[in-house]
Amino acid sequence: MTQSRLHVPHPPARPGEKPDFSYLHIPPAGGEARPDTLAPALEIEQLGTGLVRVLDERGQALGPWNPHLEPQELQVALRHMLLTRHFDERMQRMQRQGRISFYMKSTGEEAVAVAPCMALQPRDMLFPSYRTQGLFITRGKSLVELMCQCLSNTRDMCRGRQMPVMYHWAEGNIFSISGNLATQFPQAVGWAMAAAIKGEDRIAASWIGEGSSAEADFHHAMTFAAVYQAPVILNLVNNQWAISSFQGFAGGERRTFAQRGPGYGIPGVRVDGNDFLAVYAVTRWAAERARASGGPTLIEHVTYRAAAHSTSDDPARYRPKEEWQAWPLGDPITRLKEHLIGLGEWTEERHAALERELEAHVTACWKEAVSYGTLTEGVSLDPLSMFEDVFHEMPPHLKRQREELRRLLAAQQAPGDVQAPSGKE
Amino acid sequence: MAQMNMVHAINSALDVMLGRDPRVVVFGEDVGYFGGVFRCTDGLQRKYGEHRVLDTPISEGGIVATAIGMGVNGLRPVAEIQFADYIYPAFDQIVSELARLRYRTAGDFCAPVTIRTPCGGGIRGGQTHSQSPEGVFTHVCGIKVVMPSNPYDAKGLLISSIEDEDPVVFFEPKRIYNGPFDGDPHKPALPWSAHPKGEVPEGHYTIPIGKAEIVRGGSDVTLLTYGTMVHVAAAAVELAGVDAEIIDVRTLVPLDVDTLCTSVCKTGRCVIVHEATRFSGFGAELSATIQEECFWHLEAPIARVTGWDTPYPHAFEWDYFPGPARIAAALRGVMEAR
């Protein structure tokens with residue numbers, strides 16, 4: 001008698017074991033062909049199994065995907081990625097000191113936010129997820145404002161209603177981050193459909209983790225994007241880990257995530273997510289396609305979550321400590337820096353000076369941000385404001401509840417004046 | 001004035017809004033070429049084109065999610081969920097996203113989406129085509145919940161919903177699409193043309209969200225209800241022979257507490273009627289509100305007449321449905337209490 005057995009995925013290495021990334025298919029840089037931007041999805045299926053790479057191990061840019069950016073643009077990119085990393089480090093430390101309640105670093109994944117953001121137009125709409133703070137930084141949102149959000153202080157863009165890192169920026173065309181993962185993916189498709197309905201040439205881009213691509217929202221997004229050929233770029237960030245679950249638990253063991261694209265009739269492109277030039281080039285390809293009514297693209301960014309999931313997480317309990325050092329695609333900042341040095345457009349001295357400058361900038365921003373209060377100290381938000389923005393206009397039941405809280409707060413300030421609510425009036 | 005049934009009135013509201021406001025788009029399963037399984041969108045795609053009136057995949061979560069994205073991009077989406085029983089795949093997008101987007105972004109983003117969905121029983125639809133899940137949505141902060149009981153209100157309230165800056169879940173009691181229903185399935189169906197609220201203006205008008213309507217004045221007892229049950233309640237009042245004040249709540253969120261409580265304080269008695277199940281149903285909120293606001297005026301305990309706390313049973317529909325006999329018994333009960 002035969003008996004069926006479940007396959008329960010196991011990561012290649014657990015704590016104490018040698019890191020093993022032999023499951024990753026990593027072809028040499030420069031080897032992937034760059035098809036026409038309007039090539040039919042099913043004729044370019046190889047993009048889902050290969051890996052678009054431009055920077056080789058020595059930092060040289062190779063092959064048809066090289067976007068041939070000016071050195072000045074590359075220096076700007078390096079600056080955005082470094083600023084993101086310094087910002088993350090500072091906010092992590094501030095969480096450890098108890099100044100903010102929570103934080104999520106994007107260490108090692110800076111390129112998957114900064115490169116697409118630079119490759120798109122400022123008018124294009126971005127639907128971010130966790131660890132895409134590089135989008136806000138690249139579009140020029142001030143660090144002070146991001147810090148004030150994390151502090152829930154008097155200048156918090158969310159007015160004290162959200163945990164740290166749930167940023168948004170309407171004027172910068174960046175949507176709100178949701179803790180209910182994956183919801184933004186089909187919303188981005190709807191936004192893109194509206195752009196086409198209105199006859200605009202704006203496109204949308206969204207980010208999702210490989211872990212939350214298991215949610216139905218991923219399928220909704222892919223289906224609607226494919227059916228209506230919506231002008232949208234769907235970025236799937238495969239950073240190998242969803243808290244403690246490795247990418248096999250999201251279904252990555254037998255097919256790449258990019259290969260899901262052709263299943264819907266959407267091109268799926270697998271890209272080296274730690275290669276700034278490759279991510280930039282693939283985004284440009286997908287953006288050209290979307291703007292020319294060629295429809296959506298699914299991009300799998302192969303990267304590694306070097307940091308913990310969040311400040312509430314301890315990855316030493318589920319993966320080898322040395323994994324990040326063993327990660328075969330390196331560090332996106334180091335790789336771009338070495339490329340620039342190889343071009344003769346950067347030096348270790350300039351790099352060190354830039355780091356000092358950014359560190360000082362982050363310090364100055366933090367000083368300003370805390371001057372507007374923190375969650376626990378200094379000036380604070382008015383608790384009565386919690387009743388605003390539930391609806392466009394406050395309905396009677398919320399006005400009554402606000403009044404009830406107002407009386408309670410007044411009573412706390414002046415004990416003895418407590419006015420008990422009376423039943424009979 | 002034209003004679004319209006509720007389907008025509010809803011179609012007319014959508015037609016008026018598609019014509020007036022280029023931001024309005026209408027979409028859902030089968031709503032485009034075919035015009036909807038209940039015909040509410042009949043002819044609209046032909047008139048406004050397939051970029052404004054769209055068929056969608058069978059994907060309620062996708063429908064609401066894309067509606068949110070469209071709303072964020074400046075459109076006024078009117079999404080149809082073919083039966084309220086099918087709305088649950090969209091629950092996360094409604095509760096976690098649509099309802100709270102304005103709040104979580106401190107007013108920087110919002111999505112003025114209207115979700116139309118046929119609800120309620122009395123059509124031999126069994127448990128997957130008969131549910132009344134309005135109470136599930138009234139518990140969510142940030143969405144308005146509307147349920148009309150006649151063609152005139154349906155058109156005016158739907159236009160108000162589309163023009164509203166907040167998301168609205170708009171429940172359409174499908175048993176009364178084609179005519180009022182007094183709760184007796186054996187009587188011949190009545191058309192809306194025989195009812196004063198079947199007279200509907202062709203053009204634009206609104207009925208304010210948040211206002212209940214006293215549909216029958218009375219002094220003995222206040223009967224609070226909405227949707228199909230407004231008509232069933234009227235039959236029950238005749239049966240019981242009491243002078244009941246019937247209030248059509250119409251908007252569940254925000255609730256017109258003043259109209260409801262003024263009436264109960266006057267009559268001193270209250271019966272609450274809805275099709276939905278009883279436990280934690282919307283009637284519980286109404287009952288609690290009446291108790292808090294009218295306690296010292298009450299002459300009898302508040303009574304609730306609702307669907308039983310079971311899934312909607314196909315073969316026992318008329319034993320399940322809170323018909324005129326059960327409502328009349330409750331009315332007599334509160335009149336006898338002392």
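Between which two elements of chain A does the loop that holds A:Gln229 lie? A:Gln229 is placed in the loop between α6 (216-228) and β3 (232-238) of chain A. The structure is a predicted model.

**Helix α6 of chain A and the residue after it**

- The 13 residues of α6(A) should span 18 Å at 1.5 Å a residue, and the end C-alpha atoms are 18 Å apart, which agrees.
- Helix α6(A) is mostly covered, with 10 of its 13 residues buried.
- Among the buried residues of α6(A) are A:Asp217, A:His220, A:Phe224 and A:Tyr228.
- Packing partners of the buried residues of α6(A) are α5 (184-198), β2 (204-209), β3 and α7 (260-264) of chain A, together with α3 of chain B.
- Directly after α6(A) comes A:Gln229, whose phi is positive, near 50°, and this residue is not a glycine.
- A:Gln229 has 17 other C-beta atoms within 10 Å and is therefore partly exposed.

- A:Ile243 has a positive phi of about 45° although it is not a glycine.
- The position of A:Ile243 is in the loop between β4 (241-242) and β5 (245-246) of chain A.
- A:Ile243 counts as partly exposed because it has 13 C-beta neighbours inside 10 Å.

**Contact between the chains**

- On the two sides, 39 residues of chain B are in contact with 38 residues of chain A.
- On the side of chain B that touches chain A, the elements giving two or more residues are α3 (60-72), α4 (91-98) and α5 (101-104) of chain B.
- Helix α3(B) gives the largest share of that side, nine residues.
- Helix α3 of chain B is also one of the elements against which the buried residues of α6(A) pack.

**The largest nonpolar core**

- In soluble globular proteins, nonpolar side chains tend to be buried together.
- The largest nonpolar core has 215 residues, and those with the most contacts inside it are A:Val232, B:Ala233, B:Val271 and B:Leu331.
- Helix α8 (residues 276-291) of chain A supplies the largest share of this core, 11 residues.
- Leaving aside neighbours within four places in sequence, the contacts of A:Val232 include A:Ala188, A:Ala192, A:Ile203, A:Ala225, A:Ala290 and A:Pro296.

**A five-stranded sheet in chain B**

- An open sheet of five strands in chain B has the order β9-β11-β10-β13-β14, with mixed pairing.
- Its edge strands are β9 (213-216) and β14 of chain B, each of which pairs on one side only.
- Neighbouring strands of the sheet are turned against each other by 25° on average, direction ignored.
- Strand β10(B) pairs with β11 (residues 244-248) of chain B in the parallel sense over five bridges.
- B:Leu223 stands opposite B:Ile246 in β11(B).
- Helix α8 (residues 229-240) of chain B packs on the sheet and touches β9, β10, β11 and β13 of chain B; its direction makes about 175° with that of β11(B).
- Helix α10(B) also packs on the sheet, touching β10, β13 and β14 of chain B; its direction makes about 160° with that of β13(B).

**Helix α10 of chain B**

- Helix α10 (residues 282-294) of chain B has 13 residues and reaches 18 Å from its first C-alpha to its last, close to the 18 Å expected at 1.5 Å a residue.
- The buried residues of α10(B) are B:Phe282, B:Gly283, B:Leu286, B:Ile290 and B:Cys294.
- These residues cover an arc of only 100° around the axis, which puts them on the same side of α10(B).
- The face of α10(B) turned away from the buried side carries the exposed residues B:Ala288 and B:Glu292.
- Among the elements against which the buried residues of α10(B) pack are α6 (134-138), β12 (251-253) and α9 (257-267) of chain B.

**Other local features of chain B**

- The peptide bond from B:Val253 to B:Pro254 is cis, with omega near -5°, and B:Pro254 lies in the loop between β12 and α9 of chain B.
- B:Glu317 belongs to helix α11 (residues 317-320) of chain B and counts as partly exposed, with 17 C-beta neighbours inside 10 Å.
- Not counting residues up to four places away in sequence, B:Glu317 touches B:Gly121 and B:Arg124.

Definitions and conventions: Residues numbered from 1 in each chain as written. Chains lettered and ligands numbered in written order. Predicted model: local features only at pLDDT ≥ 70, side-chain atom pairs only at ≥ 80, totals over all residues. Helix = DSSP H or I, 4+ residues; strand = E, 2+ residues; numbered from the N terminus. Expected span 1.5 Å × (residues − 1). Buried ≥ 20, exposed ≤ 12 C-beta atoms within 10 Å, placed from the backbone. Arc of directions from axis to C-beta. Contact = placed C-beta atoms within 7 Å. Core = buried A, V, L, I, M, F, W, Y, C linked by C-beta atoms within 7 Å. Pairing = 2+ DSSP bridges. Axes fitted to C-alpha atoms, helices over the stretch in contact; angles between N-to-C directions.
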